[in-house]
Amino acid sequence: MSFSTRLEVRVSDLDPQLHVTGAAYHQYADHSRFACVQAAGISVDELIADGFGPVNLETTIKFHRELRGGDSVDVSCQWLWGTGKTYRVEQVLTRADGEVAATVINVSGLMDLRARRLVLDPAREWAARASKPELLGFPGAS
């Protein structure tokens, strides 16, 4: 199951040429991932109270088409789980006209805040807290 959030480009997201700044692309992706986690039924406050915190280890943005003032953008989230300490979230930012503006790939982990180390099985921790695990791309969830 895919997840998407629609965002409106704000004036504060623009550079002097009225293009969306690179930092705003990061923020759009972050916002959509957070919204996806919430839609999956996970309370980030409870996650942190349990001693875990998500960490972003790497972000890659590929720009395809410009976003400008007045645009809206749909930001998708596709969670990809492996067997290690990290996982990926691939996101596509699509303009209202259907053109892909950018793709964002995040490599993330879940930190044990007490030990200050990445947990060995982040998928297990996320899945245990999700009421809608299919939004986080867990195999077998529907």
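Modeller: A residue is called buried when its relative accessible area is under 20%, exposed when that area is over 50%, and partly exposed in between, with a 1.4 Å probe and protein chains only. The model is predicted, so that local features need a pLDDT of at least 70 and side-chain atom pairs count only at pLDDT 80 or more, while totals for chains, interfaces and linings use all residues. Residues are numbered from 1 along each chain as its sequence is written, and side-chain values use heavy atoms, leaving out hydrogens and water.

A nonpolar core is a set of buried Ala, Val, Leu, Ile, Met, Phe, Trp, Tyr and Cys residues joined through side-chain atoms within 4.5 Å. The largest one here has 22 residues, and the members touching the most others are Cys36, Trp79, Trp81, Trp126 and Leu136. At least two residues of this core come from each of α1 (22–39), α2 (44–49), β3 (72–81), β4 (86–95) and α3 (122–129). These elements are DSSP runs numbered from the N terminus: helices are H or I with at least four residues, strands E with at least two. A second, separate core contains 15 residues, including Leu14, Leu93, Ala101 and Ala102.

Contact means heavy atoms within 4.5 Å. Apart from neighbours within four places in sequence, Trp79 is in contact with Arg33, Cys36 and Val37, with Tyr87, Arg88 and Val89, and with Leu135, Leu136 and Gly137.

Leu47 lies in helix α2 and, at 1% relative accessibility, is buried. With neighbours within four places again set aside, its contacts are Phe52, Pro54, Leu110, Trp126 and Arg129; of these, Trp126 was named above among the members of the largest core that touch the most others. Leu47 and Trp81 stand 34 residues apart along the chain, with 19 Å between their C-alpha atoms.

Pro133 belongs to the segment after α3 and is partly exposed, at 21% relative accessibility. Its C-alpha atom is 19 Å from that of Leu120, a residue 13 places away in sequence.

Two loop residues deserve a note on backbone geometry. Most residues other than glycine have a negative phi. Leu18, although not a glycine, has a positive phi of about 70 degrees; this residue sits in the loop between β1 (3–8) and α1 and is partly exposed, at 46%. Arg116 likewise has a positive phi, near 60 degrees. Arg116 is in the loop between β5 (100–112) and β6 (117–118), and its relative accessibility of 53% makes it exposed.
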